[in-house]
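Biologist: I am new to this structure and would be grateful for a guided reading. May I put some questions to you once it is on display?

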Amino acid sequence: MSLLEVRNLAVAFPTPDGVVRAVRGVSLSLNQGRTLAVVGESGSGKSVATQTLTGLTRGAKVEGEAWFEDTELLTASDRTLRQIRGARIGMIFQDPLSSLHPYYTVGWQIVEMIRAHDRTTSRTAARERAAELLGRVGIPHAQERIRDFPHQFSGGMRQRVMIAMAMALDPALLVADEPTTALDVTVQAQVLSVMRDLQDEFGTAIILITHDLGVVAQIADEVAVMYAGSVMEMASRRQLFYEPHHPYTEGLLASLPTAGNGRKRLVPIAGNPPSLIAPPPGCPFAPRCPHAFAHCWEEAPPLRAVYGDTAHQSACWLPTDVAGRQAARDRLRTATGGVQ
Amino acid sequence: MLWFLLRRTFLGALVLWLITMGVFALFFVTPNNVARSLAGRQATPETIQLVEARLGLDQPIWKQYLDFVRNALHGDLGYDYYHQQPVTEIIVAALPITVSLAVGAAVLWMLLGVTNGVISAVRSGSFADRALTTFALFFYSMPTFLLGLLLLYFLYFQLTLSGYPFFPPGGYVPFTDDPYEWTRHMVLPWVTLALVLAATYTRLTRGSMLDVLGEDYIRTARSKGLRESRVVVVHGLRSALTPVVTQFGIDLGQLVGGVVVTETVFSMPGLGKTAIDAINRQDLPVILGIVLFASAAVVVANILVDLAYAMLDPRVRLH
Amino acid sequence: MTDPPPTEVHDEPSAAPEHESRREPAITARSPWVLAGRRLLRDRVAIVCLVVIVLIVLLAVFAPLVASITGHGPNQQYRDTGLSPDGLPRAPSGEFWLGTDSLGRDILVRIAYGARISLLVGVVATALTVTIGVVVGLAAGYLGGVVDTILARVIDVVLSVPFLLVAIALVSIFGAGLLNTVLVIGAFSWASMARIVRGQVLSLREREFVEAARSMGASSARIMFVDILPNVLAQVIVYTTLLIPVVIVVQATLSFLGLGLPAPTADWGGMISEAQNYYTTSWWFVLFPGLALLATTLAFNLFGDGVRDAFDPRAEGLTRGWKG
Ligand SMILES: Nc1ncnc2c1ncn2[C@@H]1O[C@H](COP(=O)(O)OP(=O)(O)OP(=O)(O)O)[C@@H](O)[C@H]1O
Ligand code: SF4
Ligand SMILES: [Mg+2]
């Protein structure tokens, strides 16, 4: 039994302009101690999907199931969810400056987290623990720095504070929503390694949302590629990088700089994602897909196992065997004169 | 911090100086007939001249002004034209009335306005929100004097007619004379002032709260598994209060300088009513004194607002 | 378009653009004004308020008609029919629809004539306030430097003035009258507007279109009024609509405090002030002028709210010191 099992999650927001179908049938599964990376362009529903799990999307219409440690999250009471949030599922977000309360010291904010779930911990003990946690994530002079306000820390240090807070109660799952996007490259690597170390130590499972395939390459076990609210491809990191099936994944990989280890954010493939209000029928990627053919416009492809590997799934009508997929690739290359 | 206070005090003094100059100049551009009315209808020109000399009105304007400023710096705002009472004494006598009115109303309007604003924001779009915003807009549109009269009509007149004389028709009883009577006399003025001002605070709090509730750190607070009430109050309201406190300081500063309309409607001899009476009698020293005091109250309130700002928001540095 | 059977892989790259072109209707650039106007039309409350405002305007314009229908002049005193034997105002009746005042005058007719004063002062004083505020704000924000420092100080000073007290003092010196009331209100209410415009201009000043105009040698005045002003206009309009009811209340308050138009001119604040001593005997005397005033300010405020929501900038700080 996996730690987290999400089936057919769908999230829709009623807005004055129409219903925004932000997530459309996402299924995921994650085992203890593993890292699942979720990648995809802006607006593909990564944040909405993960935040819905802990009940943070308000005013949304939610369908599907999400099992976490024997609790069904989507139908759980507010009280249950509150006990899970923070204690069992820690979360960190993209911009650590705006994610920490500007008016309270970082120590206060960590202590609040600890005491919200465990009233028996004394204030002093919680402070001790806060300082210890800050030390653990690599903040020098932690004892003094718990009295500082978020704006007195650098970006990387702030994100370490967020990590310390999220890990304070030793959660089983850490959801990190673009934790390094706002940081410099060198700082990114440090923050990621802090996460890795904590994961090794506590056996935490991580869902890591990112735009950055370089980050994926560094720490993911599994990868889910999202587009327009759906998972397009799901595979182990190795499979995804070396044998992608979905044309969208291919596009993402192609947009990576090839030489050296210089990493870049996903360069969008030409075109825009479809409207989430009235999604056209058929494959959501069809308008931008170089492979698109008539059937793609008519029926949305389901996730299917590809290359004979049940762990590798792709939502694409292209042939599911290695040879067929390669043939399609070749044909495209000749048609475009090798530009693709 | 010290530098900030020095700078602001200096600027405040500058503002006060400009205001006294303005008021002084304005009162002398029009022909002044105080001496004539004081001297009586049948007064001979000689009597009028005597009166003018006694009031110092025969001096050149610049000299009168310099005298005024010199005395003001020594805490002497002159004497009223009619009873030769020191203006400072008049202010000191009227001030407690205005302050009890303003402070009592402030407590009420903050409670009412902020609570309603928070409820409105948290339940934004709901029936409660619409009801509260409409309620706020109603009183926001309500002229203070009209509300005062309506309250007098219903809560004084009609209640007394029906045999429940809870509220008096106006007037003031010092707290030290009779705390019960003081309260009884203050309630309607408090409510009047509080209702018209609470509306502003409901709207301000609602807007500010809606902004804050969309902030990332509110999402963080929820992700920590805090109770929603704690998220709203400790994390949301704490930040949303900053603009509210600013407005509060400004309003209180203005009010301490004279609650003109409410004092008039409820016949309370506070600073506002005293000023109106002085204006009607062209009692220049009293007008000048009260305007100066009222401006000082606003200036001091503005400095306090900035200090409060720095205390509320650790990111703010005073300079 | 001849598509191959669905199962076959079709790699023709030209297919995609074609589909793309029929995928979504062309997005036409709608101006924010049209959008705001459309949003406003959809706002039922705002429309109702607009209707109420129009009705009040009609009442003011056709006040003489009201007088001729009822047969009562605004300042005519009906000492026999309009007052009770003990000299008290008469309750509403077939003769005096909204009753009479303490001098036996027809309240309905006086309300109609009073609407003229309220609206006139409301609109003219607001126009004056907005004009000063916009010009000062533009100058301070755009010209910067010493000009800005001085103007910002002036704004601070004006905002520190105890407005109501000084307004009363001024009106009492210069004499109560339409022009003086308008001037006094204008002279002391522009500072909030100036501060808002200044803030907006400061953020616009460095934008490309301003740079472009500057590099093409446009004069400062031209840049301020032709290039920058249109960009702050939405905000200005919102504040203007919200300012009108404020000004109407200030005028009524001055009248109420005895600094309105000289008798016997009918104006709402003055009527309510006269009614003060009669509220125990003649409820209509204070109620109807009060309702007229309240309906007007409420309609303007609700409409102003609608305008604000339609344009969506933030409103604050308009209420400095005129309440109390
Ligand atoms: N409360 C909401 N109401 C309406 N639409 C929403 C709401 N929250 C999110 N959306 C929409 O849902 C879609 C998915 O948003 P989401 O934030 O999950 O994207 P994302 O993949 O996390 O993108 P990014 O990489 O930019 O963070 C977006 O189009 C967004 O506009
Ligand atoms: S289903 Fe068709 S349009 Fe969609 S990704 Fe596959 S080939 Fe492209
Ligand atoms: Mg996101």
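**Selected sites in the predicted model**

Modeller: At 2% relative accessibility, Ala228(A) counts as buried. Please bear in mind throughout that this is a predicted model.

Biologist: Where in chain A is the place of Ala228(A), and what is its phi?

Modeller: Ala228(A) is found in the loop that runs between strand E9 (222-227) and strand E10 (230-236) of chain A. Although Ala228(A) is not a glycine, its phi is positive, at about 50°.

Biologist: Does Glu69(A) count as buried, partly exposed or exposed?

Modeller: Glu69(A) also sits in a loop, here between strand E4 (61-68) and strand E5 (71-72) of chain A. Glu69(A) is not a glycine, yet its phi is positive, about 45°. Buried requires under 20% relative accessible area and exposed over 50%. Because its relative accessibility is 31%, Glu69(A) counts as partly exposed.

Biologist: Which element gives the most to the shell around ligand 1?

Modeller: The shell around ligand 1 holds 15 residues, and Ser42(A), Gly43(A), Lys46(A), Ser47(A) and Val48(A) are the closest. Strand E1 (4-15), strand E2 (18-30) and helix H1 (46-53) of chain A each supply at least two residues. The element that gives the most, with 3 residues, is H1(A).

Biologist: How many charged residues does the shell around ligand 2 have?

Modeller: Ligand 2 has 13 residues around it, and those nearest are Cys283(A), Cys289(A), Cys296(A), Cys316(A) and Trp317(A). By class, 11 residues of this shell are nonpolar and 2 are polar, while the number of charged residues is none.

Biologist: Is Met268(B) buried or exposed?

Modeller: Met268(B) belongs to the loop between helix H11 (260-265) and helix H12 (271-280) of chain B. Its contacts beyond four places in sequence include Ile97(B), Leu101(B), Tyr172(B) and Met186(B). Buried means under 20% relative accessible area. Since its relative accessible area is 0%, Met268(B) is buried.

Terms used:
Residues numbered from 1 in each chain as written. Chains lettered and ligands numbered in written order. Predicted model: local features only at pLDDT ≥ 70, side-chain atom pairs only at ≥ 80, totals over all residues. Heavy atoms only, no water. Helix = DSSP H or I, 4+ residues; strand = E, 2+ residues; numbered from the N terminus. Buried < 20%, exposed > 50% of the residue type's maximum accessible area, 1.4 Å probe, protein only. Contact = heavy atoms within 4.5 Å. Near = heavy atom within 4 Å. Nonpolar A, V, L, I, M, F, W, Y, C, P; charged D, E, K, R; others polar.
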